[in-house]
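Student: I am new to this structure and would like to get to know it. Could you walk me through it with a few questions and answers?

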Amino acid sequence: MTDLFSPYKMGKFNLSHRVVLAPLTRSRALNGLPQPALAEYYGQRSTEGGLLISEATPIAQEGIGFPHVPGIYTEEQIEAWKKVVDAVHAKGGLIFCQLWHAGRASHKIYQPGEGAPISSTNRSISENWKILMPDGTKNNFSKPRALETCEIPKVVEQFRQAASNSIRAGFDGIELHAAHGYLVDQFLKDGINDRTDEYGGSIENRCRFLMEIVQVVVAAIGSDRVAVRISPVINFVNAMDSDPLNLGLAVIRQLNTFQADMGTELAYLHVTRPRFMPSPEQIGTENEEAKLMLTLRRAYQGTFMSAGGFTRELGMTAIADRDADLIAYGRIFIANPDLVYRFKINAPLNEYVRETFYTHDPVVGYTDYPFLDQESNDEDSDMTKVCS
């Protein structure tokens, strides 16, 4: 039976198992520069033939929407990332860099000259949503500025350059972040995109920005090093669409056509399940969720990765039922650097501490979660103290 521990061939990459580290913003890259702690953190979670996806990595200063996230647009950042990638490769692991532009999901304090964040629209994110500020407080998102049509090629080029920079840094590939209400998703979703040019209106037009990025990035680094993440049904930071299933299918149709024309597949398509959102009212029933994900999975012609609320058992079932080829784990991978091993022997898991997700400490809540053998040693040490 195929399960989480069955090997998988992802294009030219041979994976020894299907457990993937999901992209997770951690705010430990002080001033946008990967620190030594990142090398330790990713190295801890690396396994022979295992795939990791980096935290969301801005392609330009304009793309920042969170404090202390690592960029991939300066030489200093590229050099710093090399140490992180080397730590993963030393363990026999693979790592893709998730390329990110926050778009309107930002604040002027993160922007060059404190300008307005760019987007597909001039409309702001609701004040019901808040952005984390550099000092740890929360604030409203800044009012965005809609990109002029003539400005869009510049942003496409920033994605291409960031992809090339990622390969120079040693990454095995890149994942285009086209999900969760960030810039590319702001073009995809009709609840945000109110443009009247060739990038707005019809589903095909709203997919244009994403497909232009895919085309130039593939031309730069090769299709087998390029992946795409989408979340058609997720309404994080007001990223709503009136017909999410058809939006997802439209993206997949265009990706399938592109792959057929190229005669080769992308590395994978990464889709976030609705249960990524915390409220049951936002995701509907589980039957509706399962039907939507299964429809997208059956439509895509290539490697399909799923993420969002998976446990070991749910992951095993999804792989066995062929509902996904790979499963990405987030919060429980934060708390369990040896998650793959714990899953393999079905061992208990450490509990994550949510309060430390976005702190800037290089150790606490980051690299100090114990491995299973450390816990056993600690218990033996405690027993020795009792016996003595």
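This is a predicted model: local features need pLDDT of at least 70, side-chain atom pairs count only at pLDDT 80 or more; totals for chains, interfaces and linings use all residues.

Student: How are helix 1 and helix 2 oriented to each other?

Tutor: Start with their axes: helix 1 covers residues 36-44 and helix 2 covers residues 75-90, and the axes cross at roughly 25° while coming within 8 Å. Angles under 35 degrees count as roughly parallel. Therefore helix 1 and helix 2 are roughly parallel.

Student: Which residues of helix 2 make the contact with helix 1?

Tutor: Look at both sides of the contact. Helix 1 brings Leu 38, Ala 39, Tyr 42 and Gly 43. By class, the residues of this contact are seven nonpolar, one polar and one charged. On the side of helix 2, the residues are Trp 81, Lys 83, Val 84, Ala 87 and Val 88.

Student: What is the handedness of the crossing of helix 6 and helix 7?

Tutor: Helix 6 spans residues 208-221 and helix 7 spans residues 244-262; their axes come within 11 Å and cross at roughly 30°. These two helices are therefore roughly parallel to each other. As for handedness, the crossing of helix 6 and helix 7 is right-handed.

Student: How many charged residues are in the contact of helix 6 with helix 7?

Tutor: Let's go through the partners. From helix 6 come Leu 210, Met 211, Val 214, Gln 215 and Val 218, and they meet Val 251, Gln 254, Leu 255, Phe 258 and Met 262 in helix 7. Eight residues of this contact are nonpolar and two are polar, while the number of charged residues is none.

Student: What is the volume of the largest cavity?

Tutor: The structure has one cavity of 30 Å³ or more. Its lining includes Ala 178, Ile 230 and Pro 232. The volume of the largest cavity is about 40 Å³.

Student: Which helix supplies the largest share of the lining of the largest cavity?

Tutor: Two helices, helix 4 (183-188) and helix 7, each supply at least two residues of this lining. The largest share is three residues, and it comes from helix 7.

Student: How many charged residues are in the lining of the largest cavity?

Tutor: Among the lining residues are Asp 185, Leu 188, Lys 189, Ser 231 and Gly 248. Asp and Lys count as charged. By class, the lining has six nonpolar and two polar residues, and the number of charged ones is two.

Methods: Residues are numbered from 1 along each chain as its sequence is written. Side-chain values use heavy atoms; hydrogens and water are left out. Axes are lines fitted to C-alpha atoms, for helices over the stretch in contact, and angles run from 0 to 180 degrees between N-to-C directions. Helices (H or I, at least four residues) and strands (E, at least two) are DSSP runs, numbered from the N terminus. Angles under 35 degrees count as roughly parallel, over 145 as roughly antiparallel, 65 to 115 as roughly perpendicular and the rest as oblique. A crossing is left-handed if the near helix is turned anticlockwise from the far one by less than a right angle, and right-handed if clockwise. Contact means heavy atoms within 4.5 Å. On a 1 Å grid over the protein atoms alone, a cavity is a set of points where a 1.4 Å probe fits but cannot get out, and a pocket is an open set with protein on both sides within 12 Å along at least five of seven lines; lining residues have an atom within 4 Å of a point. Grid points are joined across faces, edges and corners, and a volume is the space filled by probe spheres set on the points.
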